[in-house]
Amino acid sequence: MATAKKAAAKAAPAKKAAPAKKAAPATKVAAKAAAPAKKAAAPAKKAAAPAKKAAPAKKAPAAKKAPAKRAVNAAFMKPLTPSAALAAIVGATPLPRTEVVSKMWVYIKKHKLQDEVNKRLINADAKLKEVFGKAQVTMFEMTGLVGKHLK
């Protein structure tokens, strides 16, 4: 492979020929006359260019399909009956888990039971203490504790 490169490098200078020089006009007047002729020839080439084969038109992108709606998990939408302690807060009618948690937050905000300093903590009143089993819980613990009171 190295020998092929060396051979090509040696042959390349020998193949190159000096570019041919254009004949210079004898007078300045002849040079000025030749210059406008070149400029006139240039627009003729540009006009001829569009006559060539036109580029193919770009295809319009296909319309995007609307994303499929996410299927709702049936376990979240199944109505569950709250225990007696939880029914005192959200009502006795069967509700999905999502609605039970929403009603809990309505109760917490209505009675201002969210901690003032750390909003993630919920201070339990008498009714919530029966559900939670302790005086203060985080909002993340709340859903787990509420789930124990649903059948």
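Contact here means heavy atoms within 4.5 Å, and helices (H or I, at least four residues) and strands (E, at least two) are DSSP runs, numbered from the N terminus. These legends describe a predicted model, in which local features need pLDDT of at least 70 and side-chain atom pairs count only at pLDDT 80 or more, while totals for chains, interfaces and linings use all residues. Residues are numbered from 1 along each chain as its sequence is written, and side-chain values use heavy atoms, with hydrogens and water left out.

**Figure 1. The whole chain, to get your bearings.** Seven helices and two strands make up the protein chain. Reading from the N terminus, the order is α-α-α-α-α-β-α-β-α. Of its 151 residues, 19% count as buried (under 20% relative accessible area; exposed is over 50%, partly exposed in between; 1.4 Å probe, protein chains only). The chain exposes about 12600 Å², with carbon and sulfur atoms supplying 64% of that (areas come from the Shrake-Rupley method with a 1.4 Å probe; for residues, only the protein chains shown count as cover). Take the contacts with a separation of 6 or more: residues 24 or more positions apart account for 28% of them.

**Figure 2. Helix 7 and what covers it.** Helix 7 spans residues 139-147, and Met142, Leu145 and Val146 are its buried residues. These three cover an arc of only 95° around the axis, so they sit on the same side of helix 7 (the arc is that of the directions from the helix axis to the C-beta atoms). An α-helix has 3.6 residues a turn, so residues three or four places apart point the same way. The cover over the buried residues of helix 7 includes helix 4 (84-90), helix 5 (97-110), strand 1 (121-123), helix 6 (126-132) and strand 2 (136-138).

**Figure 3. Helix 5 against helix 7.** These two helices pack at an angle of about 125°, and their axes are 11 Å apart (axes are lines fitted to C-alpha atoms, for helices over the stretch in contact, and angles run from 0 to 180 degrees between N-to-C directions). That angle makes helix 5 oblique to helix 7 (under 35 degrees counts as roughly parallel, over 145 as roughly antiparallel, 65 to 115 as roughly perpendicular and the rest as oblique). On the helix 5 side, look for Arg97, Val100, Val101, Met104, Trp105 and Ile108; they meet Met139, Met142, Thr143, Val146 and Gly147 of helix 7.

Figure 4. Val146 belongs to helix 7 and counts as buried at 2% relative accessibility. Setting aside neighbours within four places in sequence, Val146 is in contact with Leu86, Val100, Met104, Val131 and Phe132. Leu128 is 18 residues from Val146 along the chain, and their C-alpha atoms are separated by 9.9 Å. Gly144 is also found in helix 7, but this residue is partly exposed, with a relative accessible area of 41%. From Gly144 to Phe132, 12 residues apart along the chain, the C-alpha separation is 9.4 Å.

**Figure 5. Leu80 and Pro82 in the loop between helix 3 and helix 4.** Leu80 lies in this loop, with helix 3 covering residues 74-77, and Pro82 is in the loop too. Leu80 is buried, with a relative accessible area of 9%, and Pro82 is buried with a relative accessible area of 9% as well. Not counting residues up to four places away in sequence, Leu80 touches Thr93, Pro94, Leu95, Pro96, Arg97, Leu150 and Lys151. Leu80 and Thr93 are 13 residues apart in sequence and 8.4 Å apart C-alpha to C-alpha. With that sequence limit of four places, the residues that Pro82 touches are Ala87, Val90, Gly91, Ala92, Thr93, Pro94, His149 and Leu150. Pro82 and Leu150 are 68 residues apart along the chain, yet their C-alpha atoms are separated by 4.6 Å.

**Figure 6. Lys112, a residue with a positive phi.** You'll find Lys112 in the loop between helix 5 and strand 1. Its phi is positive, at about 50°, although Lys112 is not a glycine. Lys112 is exposed, with a relative accessible area of 71%.
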